Amino acid sequence: MKKIPFFHAAIVALTFILSSNLQADNIGLNVGDKAPEFKLIDQNGKEVSLSELTAKHDKVALAFYRSADWCPHCQRQLIGLQNDLGTMEEAGIKLVGISYDSVEILDRFSNKQSIGYTLLSDPGSKTIDAYKIRNMDVKPGRTEGIPHPTIFLLDNKGVIAAKLREESIRVRPTLEEIMAAAKAMD
């Protein structure tokens, strides 16, 4: 496990929080907001609720992404998150991915890529809408209902402690940014 010195983590967290607030405040729920409850089906066909996740874990990372089926940036992010899963779990973070993809697509992707964390299907993008991150700038068709890629870190009370988002869909929050935001929750 790669250790991040506390001072470096604090600087990264402060820099990220300041830049995130400038870039992402206008999209999505805000830090301090209560995260909306959901009940969604995972890649294995099991129902998962937010209240169950926060009851079992002190920190929950909800990674909203466009699609595991057709978005290469999302596929790269999901594989990267899998590679970083051990580090996040050691820090007490429960990682969950959410997209509008069907359960079948999530099952196929998670099996092919050996994904070891929960991927949730949000048909109709109701949860994406509840978190106020639906991308309204897309044309009707396969991209309708996609979110702006965002990671929300929640505490065990379901309150948003951090919102990590980049302006470009090609760039996603790094492990260092996720860990710094999680460390700031302690």
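I started with L62 and looked up what it touches, leaving out residues up to four places away in sequence: F38, L50, V96, I98, Y131, T150, I151, F152 and L154. Contact here means heavy atoms within 4.5 Å. This is a predicted model, where local features need pLDDT of at least 70 and side-chain atom pairs count only at pLDDT 80 or more, while totals for chains, interfaces and linings use all residues. Residues are numbered from 1 along each chain as its sequence is written, and side-chain values use heavy atoms, with hydrogens and water left out.

Next I checked the largest nonpolar core and found 49 residues in it. Such a core is a set of buried Ala, Val, Leu, Ile, Met, Phe, Trp, Tyr and Cys residues joined through side-chain atoms within 4.5 Å. Buried means under 20% relative accessible area, exposed over 50%, and partly exposed in between (1.4 Å probe, protein chains only). F38, L62, Y131 and F152 have the most contacts inside the core.

I then traced an open sheet of seven strands, in the order 2-1-5-4-3-6-7 and with mixed pairing. Strand 2 (47-49) and strand 7 are at the edges with a single partner strand each, so one side of each has no neighbour in the sheet. On average, neighbouring strands are turned by 30 degrees against each other, direction ignored. The axes behind that angle are lines fitted to C-alpha atoms, for helices over the stretch in contact, and angles run from 0 to 180 degrees between N-to-C directions.

My terms: strands (E, at least two residues) and helices (H or I, at least four) are DSSP runs, numbered from the N terminus. Two strands pair if DSSP finds at least two bridges between them. Strand 1 (residues 39-42) and strand 2 run antiparallel and are joined by three bridges. In that pair I found K39 opposite S49.

**Two loop residues with positive phi.** S114 isn't a glycine, yet its phi is positive, near 55 degrees. I found S114 in the loop between helix 5 (103-113) and strand 5 (118-121), and it is exposed at 53% relative accessibility. K132 isn't a glycine either, and its phi is about 60 degrees. K132 lies in the loop between helix 6 (126-130) and strand 6 (150-155) and counts as exposed at 56%.

**S168.** My last stop was the loop between strand 7 (160-164) and helix 7 (175-184), where S168 sits. S168 is partly exposed, with a relative accessible area of 31%.
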